[in-house]
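Good morning, and thank you for making time for this.

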Amino acid sequence: MKNNTKQHEPKIHVAKRGGMVWYKSWGIRAAAIVLALIVCAVVIVLLTGYNPIQVYKAMFSGNFGSSRKIWNMLQQLAMLLCISLAVTPAFKMKFWNIGAEGQTLVGGLAAAACMIYFGETMSPIILFPLMAVVCILAGMLWGLIPAYFKAQFNTNETLFTLMMNYVAIQLVSFFIVFWENPKDSNTVGVINRATEGGWLPSLFGQKYLLNIIIVAVITIAMYIYLKYSKHGYEISVVGESENTARYIGINVKKVILRTMALSGALCGVAGMLLVSGTDHTINTGIVSGMGFTAIMVSWLAKFNPIMMTLTSFLIVFLERGAGEIATALQLNESVSDILTGIILFFIIGSEFFVQYKISIRKHKKEER
């Protein structure tokens, strides 16, 4: 007897890609952005009645409308990029460091302490190296605590690093009360406003230029470290498989501790740049959620430090543009948040088409 059972195959088949040329992957992302802008244009017309071109001009003006806006945008880009670079080695190792917010915050706290206690009495030649060392050690300590417990007791690093954020916030809150100026204001105020002691110096009349140069150097160094160094290779192997890493003789615990020390140290540098080079004060909201946004920046760039420059720019451009829409066009801030959300949704969704390919099966005619 013939077996008349028919085996039905799905018409749509999804398969993981073996690899895609870089320009094709970025072409998909660019197409996603264009499609997102079209959808946003429809939403703008439906919700506000404004001409979408007018809204997009406002977004552009929010970033490039004046030299001051350009420098502010570059400063925000540099800070977000610095924190994104900090979390990247840990993420590449599949150590989910959600604590960059707290690690940056304690780095900023260390910078504020140096400015308050030594800013007006110590020579800048000694003060700035001291501040850098203290900030790096503070961020490193905040990263090593969860790393140690992960390496020794296999604790959940996601929860541990997340909880460390709240400890850092409370620590900063304590010192704000201790250092408050003026008294009973519950704020530190601008530190050393009169003398500018501990403030990072301006270069060529631009107060943010030194921050940007420092982050640019860190970006290149991190790219070389992850791609060409032995430590970068070990991070990749541990991220792929800890068992494989142990089999070929890599000390996994040592790699975890070393990588999180690096991650925390870079967050400490970001904290110093925020306090000493940007805001010249300390408060619990100084990091402004960049520790969490950095996760998206790093992931979208596939842990490539050079590509992170583009993803950081995109996020900062959207955030500043959204603010300009709300201000210049007097729209509800929810409208700008909706537009930002739509664009990010399309960008994140495009990663599916970069990683997977969809094929439609053609049904063969049955043989008689």
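Let me begin with helix H6, which covers residues 157-179 and has 23 residues. Helices here are DSSP runs of H or I with at least four residues, strands are runs of E with at least two, and both are numbered from the N terminus. From its first C-alpha to its last, H6 reaches 32 Å, close to the 33 Å expected at 1.5 Å a residue; the expected span is 1.5 Å times one less than the number of residues.

Before going further, a word on the source: this is a predicted model, in which local features need pLDDT of at least 70 and side-chain atom pairs count only at pLDDT 80 or more, while totals for chains, interfaces and linings use all residues. Residues are numbered from 1 along each chain as its sequence is written, and side-chain values use heavy atoms, with hydrogens and water left out.

Which residues of H6 are buried? They are Glu 157, Phe 160, Thr 161, Met 164, Asn 165, Ala 168, Val 172, Ile 176 and Trp 179. Buried means under 20% relative accessible area, exposed means over 50%, and partly exposed lies in between, with a 1.4 Å probe and protein chains only. The cover over these buried residues includes helices H4 (100-118), H5 (124-153) and H11 (290-300), where contact means heavy atoms within 4.5 Å. At the start of H6, a side-chain oxygen of Asn 156 comes to within 2.9 Å of the backbone nitrogen of Thr 158.

I turn now to the surface. A nonpolar patch is formed there by Ile 12, Val 14, Phe 352, Phe 353, Tyr 356, Ile 358 and Ile 360, which together have about 650 Å² of accessible area. Such a patch takes residues with over 30% relative accessible area and no salt bridge, its nonpolar side chains (Val, Leu, Ile, Met, Phe, Trp, Tyr) being joined within 5 Å; the areas come from the Shrake-Rupley method with a 1.4 Å probe. Strand S1 (12-16), helix H13 (333-355) and strand S2 (356-360) each supply at least two of the patch residues, and S2 gives the most, with three. Val 14 belongs to S1 and is partly exposed, at a relative accessible area of 41%.

Finally, the charged pairs. How many salt bridges does the structure hold? There are six, a salt bridge being a side-chain nitrogen of Lys or Arg within 4 Å of a carboxyl oxygen of Asp or Glu. In one of them, Arg 29 meets Glu 351 at 2.6 Å, N to O. Arg 29 lies in helix H1 (residues 22-47) and Glu 351 in H13, so this pair ties together parts that are 322 residues apart in sequence. Both partners are buried, Arg 29 with a relative accessible area of 9% and Glu 351 with 3%.

Glu 351 also forms a salt bridge with Lys 302, with the closest N and O atoms 3.3 Å apart. Lys 302 lies in the loop between H11 and H12, so its pairing with Glu 351 in H13 ties together parts 49 residues apart in sequence. Lys 302 counts as partly exposed, at 35% relative accessibility.

Technical notes:
A polar contact is a pair of N or O atoms within 3.5 Å; within protein, one must be able to donate a hydrogen and the other to accept it, and residues adjacent in sequence count only if both atoms are side-chain atoms. Patches are made of residues with over 30% relative accessible area and no salt bridge: like charges are joined within 9 Å, nonpolar side chains (Val, Leu, Ile, Met, Phe, Trp, Tyr) within 5 Å.
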